[in-house]
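My entries follow in the order I made them.

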Amino acid sequence: MSSEPRATRPLRSHQWYGSAPTAGLRQFSHRARTRQLGYLPEEHLGKPVIAVLNTWSDINPCHVHLRDRAQAVKRGVWQAGGFPLEFPVSTLSETFQKPTPMMYRNLLAMETEELLRSYPVDGAVLMGGCDKTTPALLMGAASADLPAVFVPAGPMLPGHWRNEVLGSGTDMWKYWDDRRAGLIGDCELAELESGLARSPGHCMTMGTASTLTAAAEALGVTMPGASSIPAVDSGHDRMAAAAGLRIVELVRQDLRLSRILTREAYEDAVTTVLALGGSTNAVIHLTAMAGRSGVGLTLDDWDRTARRVPVLADLRPGGRYLMEDFHFAGGLPGFLSRITDLLHLDRPTVGHATLREQLQGARVHDDTVIRPRGNPLAAEGGLAVLRGNLCPDGAVVKHIAAEQHLRKHTGPAVVFDDYRTMQRTINDPALGITADHVLVLRGAGPKGGPGMPEYGMLPIPDHLLKQGVRDMVRISDARMSGTSYGMCALHVAPESHVGGPLALVRTGDLITLDVDARSLHLHVGEEELARRRAAWTPPAHPYERGYGALYQEHITQADTGCDFTFLARPGSVPEPYAG
């Protein structure tokens with residue numbers, strides 16, 4: 001741990017509580033109300049007040065254990081001489097929240113920022129893990145800029161069905177297609193329902209949740225090794241307590257997130273995501289997080305890094321293993337020890353004075369799960385950024401989790417204007433869809449979705465599945481689950497809803513995807529595109545009031561992180577007057 005000298009500046013919470021009897025009326029009231037909560041003055045006065053922001057709820061299976069973990073965090077805070085206060089904050093359940101929790105990421109980010117700013121707290125422990133909670137909590141905390149530690153929810157246990165080890169939701173997609181192809185029946189599907197998710201915790205593949213918690217650890221805002229500890233492992237309880245102990249020391253050092261979340265930290269997080277073969281969603285979220293830290297992270301940064309970073313983690317959906325295997329193979333510390341030449345080792349983390357110090361002694365224990373540099377799963381990062389007349393502001397594809405014969409493909413488009421229409425008509429024989437066609441979905445971006453749902457892994461028609469076809473080129477302005485797979489070009493920007501070129505594609509148009517050339521091209525002349533653009537009518541916004549209207553008025557496009565304009569822009573926010 002770092003041994004920096006303690007800060008001498010007064011605690012932020014002191015503004016609320018003051019020093020009796022010289023403090024004013026408001027401080028007197030704050031102390032009286034704290035006694036109303038049942039606390040003695042000796043329990044909190046003069047001690048760092050730590051906000052424990054907990055995304056637990058009864059509807060979020062990824063976080064259902066965080067109610068207990070919050071007690072471990074508090075235990076650590078008490079032991080270190082701090083005063084913990086638990087705050088329930090929005091839970092963003094990837095499974096249940098509609099139209100998509102992505103629509104509410106910025107709402108949780110706002111809630112986090114304003115809670116930390118408006119209450120008498122000196123530091124925070126942020127408890128999340130399910131896909132959107134990690135970026136939301138860190139975006140808000142970065143904007144508030146207090147000392148903070150992130151506690152990941154941890155992956156669930158591996159799934160099991162008959163003699164197979166299952167990874168959610170990668171095997172959910174796989175076996176659902178098997179069901180549609182007639183390879184398994186309802187009995188097998190019922191058994192799979194009981195075997196896919198066996199414990200609390202987020203998906204145990206290298207999906208969006210594991211990708212982003214690993215990115216948080218690479219950023220330096222978790223305890224070392226925290227991101228891969230299984231949710232039900234006793235080590236997870238100990239990690240939560242360690243975070244509680246550590247945040248008190250960070251407050252005393254006044255080590256704020258702005259000193260942790262530097263450009264070098266974000267560059268290392270991008271390198272980590274690419275070397276893990278991580279989720280495409282990380283491109284959007286890390287870009288938004290970096291923006292909150294005043295770091296301009298672009299799609300070009302992602303692609304430039306991808307060309308020099310090998311994929312070393314053999315994890316589903318791009319590989320074979322699951323997060324528990326990764327954890328016992330050495331976890332992220334062991335993994336990072338194999339790419340130290342690609343990292344900025346002299347930057348601080350919440351646990352150590354430098355990342356170099358944090359990685360001392362880290363080792364890999366299983367070369368099949370975390371591969372040596374000389375035997376990578378892929379020579380380049382698992383994601384590619386595409387450019388072309390179909391996506392002038394970029395698109396992304398996770399080619400490591402796709403059939404490689406599709407890396408360069410030209411085919412006629414079959415266009416769906418929205419997801420419901422696609423669901424209703426994808427199996428219509430009249431469409432004449434073959435394996436060579438390119439499936440195109442529009443109306444699924446940040447504004448059009450609304451919220452940019454995970455629709456990007458468009459289903460392959462039943463008749464093709466029965467012929468053994470398991471991948472096709474698919475293009476959309478949607479996202480897809482990090483547990484998904486297939487040659488899916490995603491995040492097409494600008495989206496169709498705002499008049500991007502995707503809005504102009506017609507069924508039968510030829511489209512070429514060339515991953516190696518980083519190209520996505522629509523074979524339609526500029527004059528014809530101009531005629532189509534002149535005839536295009538902007539679609540109506542679905543929300544006339546409420547949060548949905550606020551969202552649609554201020555959401556930015558995928559290439560800039562889908563933050564709100566008024567949150568992403570620079571500028572100061574005054575501290576509240578507590579007197």
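**Entry: ground rules.** I call a residue buried under 20% relative accessible area, exposed over 50%, and partly exposed in between, with a 1.4 Å probe and protein chains only. This is a predicted model, in which local features need pLDDT of at least 70 and side-chain atom pairs count only at pLDDT 80 or more, while totals for chains, interfaces and linings use all residues. Residues are numbered from 1 along each chain as its sequence is written, and side-chain values use heavy atoms, with hydrogens and water left out.

**Entry: Gly123.** I started with Gly123. Its relative accessibility is 0%, so Gly123 counts as buried. It sits in strand 3, residues 123-128. Helices (H or I, at least four residues) and strands (E, at least two) are DSSP runs, numbered from the N terminus. Which residues does Gly123 contact, leaving aside neighbours within four places in sequence? I found Val49, Ile50, Ala51, Leu146, Pro147, Ile247 and Val251. Contact means heavy atoms within 4.5 Å. I also checked Gln253, which is 130 residues from Gly123 in sequence. The C-alpha atoms of Gly123 and Gln253 are 11 Å apart.

**Entry: Ala549 and helix 21.** Next I looked at Ala549, in helix 21 (residues 546-554). Buried or exposed? Ala549 counts as buried because its relative accessibility is 13%. Not counting residues up to four places away in sequence, Ala549 touches Tyr543 and Glu544. I compared its position with Thr354, 195 residues away along the chain. Their C-alpha atoms are separated by 44 Å. I then listed the buried residues of helix 21: Tyr547, Gly548, Ala549, Tyr551 and Gln552. These buried residues pack against helix 5 (105-118).

**Entry: helix 6 and helix 13.** Two packed helices are described by the angle between their axes and the distance between the axes. I looked up helix 6 (residues 133-144) and helix 13 (residues 281-292). Their angle is about 10 degrees, and their axes are 8 Å apart. That makes helix 6 roughly parallel to helix 13. Axes are lines fitted to C-alpha atoms, for helices over the stretch in contact, and angles run from 0 to 180 degrees between N-to-C directions. Angles under 35 degrees count as roughly parallel, over 145 as roughly antiparallel, 65 to 115 as roughly perpendicular, and the rest as oblique. Helix 6 makes the contact with Pro135, Leu138, Met139, Gly140, Ala142 and Ser143. Helix 13 brings His285, Ala288, Met289 and Arg292. By class, I have six nonpolar, three polar and one charged residues in this contact. Ala, Val, Leu, Ile, Met, Phe, Trp, Tyr, Cys and Pro count as nonpolar, Asp, Glu, Lys and Arg as charged, and the others, Gly among them, as polar.

**Entry: the cavity.** On a 1 Å grid over the protein atoms alone, a cavity is a set of points where a 1.4 Å probe fits but cannot get out. A pocket is an open set with protein on both sides within 12 Å along at least five of seven lines, and lining residues have an atom within 4 Å of a point. Grid points are joined across faces, edges and corners, and a volume is the space filled by probe spheres set on the points. How many cavities of 30 Å³ or more are there? I counted one by this rule. The largest cavity holds about 60 Å³ of space. Its lining includes Val283, Ile284, Thr287, Asp393 and His491. Helix 13 gives the largest share of this lining, three residues. The classes are seven nonpolar, three polar and two charged.

**Entry: the second largest pocket.** The second largest pocket has about 600 Å³ of space. It is lined by 26 residues. Asp417, Asp418, Arg442, Gly443 and Gly448 lie nearest its centre. Helix 18 (419-425) and helix 20 (526-535) each supply at least two lining residues. I noted 13 nonpolar, seven polar and six charged residues in the lining.

**Entry: backbone checks.** Arg316 and Pro317 are joined by a cis peptide bond, with omega about 10 degrees. Pro317 is in the loop between helix 14 (299-306) and helix 15 (323-328). The bond from Ala493 to Pro494 is also cis, with omega near -5 degrees. Met452, not a glycine, has a positive phi near 60 degrees. Met452 counts as buried because its relative accessibility is 0%.
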